[in-house]
Amino acid sequence: MSRTNIKEQWLDVWIYFSLALLIVTNLEGISAQIRYSIQEELKIGTAVGNVAKDLGLDVGRLTDRNLRVVSGTKQDLFQVNPRDGVLFVNQRINREDLCAITAPCITNLKAVVENPLEMHQITVEILDVNDNSPTFPEENYTLEESAVVGSRFQMEGAHDLDVGLNSLQSYKLNHNEYFRLETEEFGEDGKVPFLILQRPLDREHTAQHWLLLTANDGGKPSKSGTINITVIVSDVNDNSPVCDKQKYTITIKENAPAGTFLLTVNASDSDEGVNSEIEYSLRSKFRGLSSEPFVLNNRTGKLTVKGGLDYEAKQVYEIKILAADKGAVSLSTHCNVVVRVEDVNDNQPEIEITSLSSRIPEDAPPGTVVALMGVTDLDSGVNGQVVCSVPGHLPFDLKPSPDGQSYSLVTRNYLDKETIHMYDITITAKDLGNPALSSTKVIHVDVLDVNDNSPLFTESPYTFYVPENNKAGMSIFSVRAEDADGGDNAAVTYSLDRKSSGPTLTSFLNINEAKGTISALKSFDFETLKTFQFRVVATDSGTPSLSSNVTVNVFILDQNDNAPVILYPVSSNGSAEGVEEIPRNVNAGHLVTKVRAYDADIGYNGWLLFSLQEVTDHSLFGLDRYTGRIRTLRSFTETDEAEHKLVILVKDNGNVSLSATATVIVKVVEPKEAFAAADVKSATNDEEDNNVTFYLMITLGSVSTLFLISIIVLIAMQCSKSTDYTSKYLQETNYDGTLCHSIQYRSGDKRYMLVGPRMSVGSTIVPGSHANTLMLPDRRTPGEVRQCMIIIDTVRLLYSNLLADSYFLYGYAPRW
């Protein structure tokens, strides 16, 4: 390297350093800007303009001030004469090399002088001259076709590097009788020529046609380019491929990696064999790009990305894909593809809570503001537009501001603390990009309780069964109410409704205000009071307080607390004793007398059995255990004693039986007429007793039948579900003849059946029931069970009262 070159390099470095220093320290150095316009392809040395005069510099001092021009490119297209300040062409200037199709074509220079150091801007516009002829990509374009009249054949258009009027303007086809020419505009490619077939081709008449296509620009003088087109007529492959779409359009993100699939171009050919096999090829040339940005699979038509796309450099690519079949004379068509590059959405929206009310009462009206928030997104356009939302199942809504930059979170419906006592509300901010980016913010809201729920009793109405002779002051049953509210609003106190229930009933009842336990202040007597009803009020501690009431039905259960009372023989001095006289000549089966007794209890407790406790001769007298009749078992003999004492024990069927005794003295006398009359009277009385027993059996049979029919019909109508249980009655070996019967009743949530003593049903015996109450499983709902049991209890009480009345009227229990 010569010393001159080294000096020039050091001088350039010093100039650039001084220039940079000048820009940093004194921006006022750039004081003027001038503009020149020249045509391209001027001879080297052609003057462009006098920089010194245009900038107002002293020509005499130009040499001392070292006037020079600096360009930002490696090519020094212009130089300035340092002596006179004339700017001249230093190298060949070709507008097409500098700017391609960009118009106007501008070159920027900087004029620099020293002492003092100044820098001035020079703009040179390069004007186009018609120095390029339109050119076709190939010298000869061959179409092999046998087509119908009107077929269109798209040709590869010519390219002209000039711009404006100097660019490609028109096409011309030489005159022929088979083809005419049409042109269409196609994006950056400008005008595209099409050959239109005007008459049918006949290979036997003319095997080939030679056409000359000329492309003309608009320069003065005009330049042109030509291409020879050879049309070979084929009578075999006579169908061209057809694209399934007139134009393919696809949008791809600018950050799509190499190999990203775009689309598949699909062309079909109605020919068969190799004439229908299609190959694809790219025909477009992307100007200004160093390499093809796309790759096409020539067999499948699959178009993929080859290199990185840049949205800022190019937003739309218009691609021509040639689809040609593999016939001996290949037919082809062009498929047009438009690829649009999309900007990338790479910023998430941001949510900022500006105001928050985290505690909302449950009675807050819809529209109550919970929070205010602002939303921002750093992206622009669609990618920067943000929409906020909350989950649809929550009772909240978002209301946007008119500018869409802020939102208010409000209640959509009334809240219910008893259902949900707090909410974690997820606010989602989502932009409109594709794919959309989103962010979330969680807001915690507590629901404050309001006294809006009345206490509710667990049952309505309540039905309780209380045995008589309960201990006064002891708890007999309890009620319970629940309040769905919280805190003091859920604290429930209980009281008796003494107005609606009546002061007479509630005067002997007391209720625990906190627990709802009800106790009786006196002992119940079934024979005096069988059932009663009252109401209980449950009140919460809210402000204002809410309350509810429930009806309580109480049934008194009978206990065996009454001993049998002897009606005959009549009691005197605390004992029941009677004397009966009978003739000695009576036969076996003669009715001596009948012991009558009554028990104030009902059911099993009131059913009586008679037995001989003491008798002087067991072979002479017999006692009917159900009716209390005393009859002779045989005739009297001379050796039999004249007086006999019979002690009869009358006991009820209670679990702990109560009893009474009666003494009958039977005196045997000699037969006389008076005795005969008495015998006749006794026979008459016996017949009357038999008639009364007959009528009583008919009455009780009718009542029993009516009772069973009523139970069956009412249960079938009122009870929706049958009770599944099995009862087995097992009679013990020592069964003493007690009447078998059953009475069903309910206590609380359990169902019971009363059966006769010493009889098992195979179920659990409830403690305190005197071993004659069986607990039955019940699968019906509490409401259905209560309804059915009230009906059954009513019929049962009616039936029991009829039985008790029969005892009182007739003095004995009928034999079933």
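A search of the whole structure, which is a predicted model, finds 14 aromatic pairs. In one of these, Tyr462 and Phe464 are stacked, with a centre-to-centre distance of 5.6 Å and an angle of 10° between the planes; Tyr462 and Phe464 are both buried. The rings of Phe508 and Phe524, by contrast, have planes at 80° and centres 5.8 Å apart, so this pair is edge-to-face. Because Phe508 belongs to the loop between helix H6 (503-506) and E37, whereas Phe524 belongs to the loop between E38 and strand E39 (531-540), the pair ties together parts that are 16 residues apart in sequence. Phe508 has a relative accessibility of 9% and therefore counts as buried, and Phe524, with a relative accessible area of 2%, is likewise buried.

The residues Tyr462, Phe464, Phe508 and Phe524 are among the members of one aromatic cluster, which also includes Phe457, Phe477, Phe532 and Phe534. The ring of Phe508 additionally has the charged end of Lys522 over it, 4.7 Å from the ring centre. A further arrangement of this kind involves Lys530, the charged end of which sits over the ring of Phe526 at 4.9 Å from its centre.

Strands E37 and E38 belong to an open sheet of three strands, ordered E34-E38-E37 and paired in the antiparallel sense. Strand E34 (475-478) and strand E37 (509-511) form the edges, each pairing on one side only, and neighbouring strands of the sheet are turned against each other by 30° on average, direction ignored. The antiparallel pairing of E37 with strand E38 (residues 517-520) extends over three bridges, and Leu509 has Ala520 of E38 as its bridge partner.

Terms used: Residues numbered from 1 in each chain as written. Predicted model: local features only at pLDDT ≥ 70, side-chain atom pairs only at ≥ 80, totals over all residues. Heavy atoms only, no water. Pairing = 2+ DSSP bridges. Helix = DSSP H or I, 4+ residues; strand = E, 2+ residues; numbered from the N terminus. Axes fitted to C-alpha atoms, helices over the stretch in contact; angles between N-to-C directions. Phe/Tyr/Trp six-rings, centres within 6.5 Å; stacked < 30°, edge-to-face > 60°. Buried < 20%, exposed > 50% of the residue type's maximum accessible area, 1.4 Å probe, protein only. Lys NZ or Arg CZ within 6 Å of the ring centre and 35° of its normal.
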